[in-house]
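Reader: I'm new to this one and would like to learn how to read its interfaces. Could you take me through them step by step?

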Amino acid sequence: MSDAVRAGDVWKRFGALEVLRGVNLTVPAGITYGLLGPSGSGKTTLIRVLLGLSRPDRGAVTVLGRAIPDRAILQHIGYMPQLPALYYDLTARENIAFFARTYGLTDRRPVDEVLELVQLAGRADSPLRTFSGGMLQRTSLACALVHRPRLLFLDEPTVGLDPLLRATFWGHFRRLNETGVTIMLTSHMMEEAEQADRLGILRGGAFLAEGTPEELCRRVGAANLKSVYLTLAETQGEPN
Amino acid sequence: MHGGPRYDALDFFAPAMVGYFAFFFVFLLTAVAFLRERVAGTLERLMAAPLRRSELVVGYMAGFGLFALLQAVAVILVAVLGLRVHYHGALLSVFVLVLALALVAVNLGIFLSTFARTELQAVQFIPIVILPQGLLCGVIWPLSSLPDWLRPAAYALPLTYGVGALRDVMLKGQGLLTTSVRLDLLAVLAFAALFAALAVGTIRRQGA
């Protein structure tokens, strides 16, 4: 299978701030790819560039074989923004059904299925303002999944979740991978990123390192990813 | 004023209020609602779906246009049944004019929501957008009582045309096809089209 995401020499500047500095990225189809890095390292900007929501100053992006921006390819992409980004006066079901409709889905069934998947069927008809943080995250994930995308961009999908729910989310990711869905997620937690198939460690808008978690540990000679990150950050510092 | 001696100030006010309330509330609701879409990130989510920006704007126009019509019914009922103002116009003509004003208000609201970061800032558009139109557009006193130097400002504002047409329809019983009403309606629709273009321009998929 071909690559789900390809980015070549992507640069992006906001005012005087260089947010992305020549990012090169290849994500093979069917894996979970983790973008790891501290806040402000450019993770969200990179995701937005890959979606076509933000235009890079330089560089080219190809997603699912199409040059970005491409409105039609968005039909096959799911996006979970960092904020829950939901309508709090509507119920979970109404939120999911609304976003389903923006992908042309008017059928009830995919909405019910995805509610079942994130275990919200019991609270489907409660307004979101009565929801806990974890329930909002699950609703947000459901909204990104309802149209059965082939590629998922998840921006900090598990931030603020308890360990049990986080494990459940990773269970979902793995099952989606098995059906051929590619997942690209961001995280600032090393322990969590270890579960990804491939990792890109982003800092100051450029990759410090990129590869499978094992490769990264071997290359730096560290026992775990946390030491990989600390070693890399110390030896390379802020890239200039 | 327009009619005979039986007409009083309320008769002069009522048609203007139908248009003014429609404009005021639709503008404010759209500006706040769209600001929320921007701040909460739901706009970002919508932009990540294969929607056209114009589809989004048309959706807003349909939703708030319907709301404006319901509100117009309420204002007319209060004016006619409660305040017993004189009323001659065909309801359909009034609806067309209210809808046209609502389209102006929706698009202006979406456009201006770009320049606010909080709902309080959106509310501060009232003195900039709503108040001058209330004072200059013939809502409270007729255009003819404005000093000469202010009159061009009145003709640069959409509500002037909407209120003029509503008054012609509701007070004088003129139809939409009467020359003056038709020209006023076209002027209002031209404002709606201008602001629609500006609104779509601010919802940039490739922005920021």
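Reader: How many residues of chain A are in contact with chain B?

Author: Contact here means heavy atoms within 4.5 Å. By that rule, 28 residues of chain A touch 19 residues of chain B. Keep in mind that this is a predicted model, where local features need pLDDT of at least 70 and side-chain atom pairs count only at pLDDT 80 or more, while totals for chains, interfaces and linings use all residues. As for bookkeeping, residues are numbered from 1 along each chain as its sequence is written, chains are lettered from A and ligands numbered from 1 in the order in which they are written, and side-chain values use heavy atoms, with hydrogens and water left out.

Reader: What is the area buried between chain A and chain B?

Author: The size of an interface is often given as the accessible area lost when the parts come together. Buried area is just that loss (1.4 Å probe), summed over both parts. Chain A and chain B bury about 2,000 Å², with carbon and sulfur atoms giving 53% of it. On the chain A side, A:Leu53, A:Arg71 and A:Thr102 lose the most area, together 30% of what that side buries.

Reader: Which side chains meet in a salt bridge?

Author: Look for a side-chain nitrogen of Lys or Arg within 4 Å of a carboxyl oxygen of Asp or Glu. The count between chain A and chain B is one salt bridge: A:Arg48 pairs with B:Glu44 at 2.7 Å, N to O.

Reader: And which parts of chain A supply residues to the side that touches chain B?

Author: Helices (H or I, at least four residues) and strands (E, at least two) are DSSP runs, numbered from the N terminus. Strand S1 (3-14), helix H1 (43-51), strand S6 (77-80), helix H2 (92-101) and helix H4 (133-145) of chain A each supply at least two residues to that side. H4(A) gives the largest share, three residues.

Reader: How does the domain assignment divide chain A?

Author: Domain bounds come from an automatic or database domain assignment. For chain A, that assignment gives domain 1 (1-64 + 151-157 + 181-240) and domain 2 (71-149). Their C-alpha centres lie 26 Å apart, and the contact takes 15 residues from domain 1 and 14 residues from domain 2.

Reader: What area is buried between domain 1 and domain 2 of chain A?

Author: About 1,200 Å², of which carbon and sulfur atoms give 63%. In domain 1 of chain A, A:Leu51, A:Leu152 and A:Asp155 lose the most area to domain 2, together 35% of what that side buries. The salt-bridge count between these two domains is zero.

Terms used:
Buried area is the accessible area (1.4 Å probe) that two parts lose on being put together, summed over both.
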